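These are my notebook entries on a single structure. I set down what I looked up, entry by entry.

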Amino acid sequence: MDIKHRRLAKNWSQEQLAAISGVSSRTIQRIENGAKPGMETLKALAAGLEVSVTELQEEEIEIKKSTETKGSMLLGFIPSSWKAFVLNLVLFMVVETWVLVLTRYFEVGKEVPGAVAFLWGGVLAFHLVTVVRKDP
């Protein structure tokens, strides 16, 4: 629901919309920040903005769909079938880096980084094969 854009298109402040619709300005702030309004509030805002309740609800559905399709900002450009693999790969790199640091500065056996890389590398290879088979 894009009440903020509708309000700004009319050059109204939150206080003006609150006075016109009979809803508190704090409620308008909450809705513009993502809170879901109740049906009575929705009816009052629709009347104040001179639109139907259905229009406001349809906008809410469209915004929700566009948000879901964007995904997270960090992994939004990666196809969903590959996200788990990429996260596993990043986690492997972080853990392997810490193992190398532990080996360098503490008394950890020199074979530990190789063992971690070999075992986790095998898991990553298996994971990669399953992802490629699902999403060629």
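This is a predicted model: local features need pLDDT of at least 70, side-chain atom pairs count only at pLDDT 80 or more; totals for chains, interfaces and linings use all residues.

**Entry 1. Arg 7**

I began with Arg 7, which belongs to helix α1, residues 3–9. Is Arg 7 buried or exposed? I found Arg 7 buried, since its relative accessible area is 6% and the limit for buried is under 20%. I then listed what Arg 7 touches, leaving out residues up to four places away in sequence: Trp 12, Ser 13, Gln 14, Leu 17, Glu 32 and Leu 49.

**Entry 2. Helix α2**

Next I examined helix α2, residues 14–21, and noted its buried residues as Gln 14, Leu 17, Ala 18 and Ser 21. Around the axis they cover an arc of only 105°, so they are on the same side of α2. Against which helices do the buried residues of α2 pack? I recorded α1, α3 (25–32) and α4 (39–49). After α2 comes Gly 22, and I noted its positive phi, near 80°.

I turned to Leu 45, in helix α4. Leu 45 counts as buried because its relative accessible area is 0%. I checked Ser 21 separately: Leu 45 and Ser 21 are 24 residues apart in sequence, and their C-alpha atoms are 5.4 Å apart in space.

I then looked up the largest nonpolar core, which has 14 residues. The residues with the most contacts inside this core are Ile 3, Leu 17, Ile 28, Leu 45, Leu 49 and Leu 56. Helices α2, α3 and α4 each supply at least two of its residues, and α4 gives the largest share, five residues. A second, separate core has five residues, among them Phe 85, Trp 120, Leu 124 and Val 131. As background I noted that nonpolar side chains tend to be buried together in soluble globular proteins.

**Entry 3. Aromatic pairs**

How many aromatic pairs are there? With ring centres required to lie within 6.5 Å, I counted two aromatic pairs. One is formed by Trp 82 and Phe 85, edge-to-face, at 6.0 Å centre to centre and with 85° between the planes. Both residues lie in helix α6, residues 80–105, three residues apart, which is about one turn of the helix. I noted the general point that an α-helix has 3.6 residues a turn, so residues three or four places apart point the same way. Trp 82 is partly exposed because its relative accessibility is 24%, whereas Phe 85 is buried, with a relative accessible area of 10%.

Phe 92 and Trp 120 also form an edge-to-face pair, with 5.6 Å from centre to centre and 70° between the planes. This pair links distant parts of the chain: Phe 92 is in helix α6 and Trp 120 in helix α7 (residues 112–134), 28 residues apart. I recorded both Phe 92 and Trp 120 as buried.

**Entry 4. Arg 104**

Last, I looked up Arg 104 and found that it lies over the face of Tyr 105, at 5.4 Å from the ring centre.

How values were computed
Residues are numbered from 1 along each chain as its sequence is written. Side-chain values use heavy atoms; hydrogens and water are left out. Helices (H or I, at least four residues) and strands (E, at least two) are DSSP runs, numbered from the N terminus. Buried means under 20% relative accessible area, exposed over 50%, partly exposed in between (1.4 Å probe, protein chains only). Contact means heavy atoms within 4.5 Å. The arc is that of the directions from the helix axis to the C-beta atoms. Rings of Phe, Tyr and Trp (its six-membered ring) pair if their centres lie within 6.5 Å; planes under 30 degrees apart count as stacked, over 60 as edge-to-face and the rest as tilted. A charge sits over a ring if NZ of Lys or CZ of Arg is within 6 Å of the ring centre and within 35 degrees of the ring normal. A nonpolar core is a set of buried Ala, Val, Leu, Ile, Met, Phe, Trp, Tyr and Cys residues joined through side-chain atoms within 4.5 Å.
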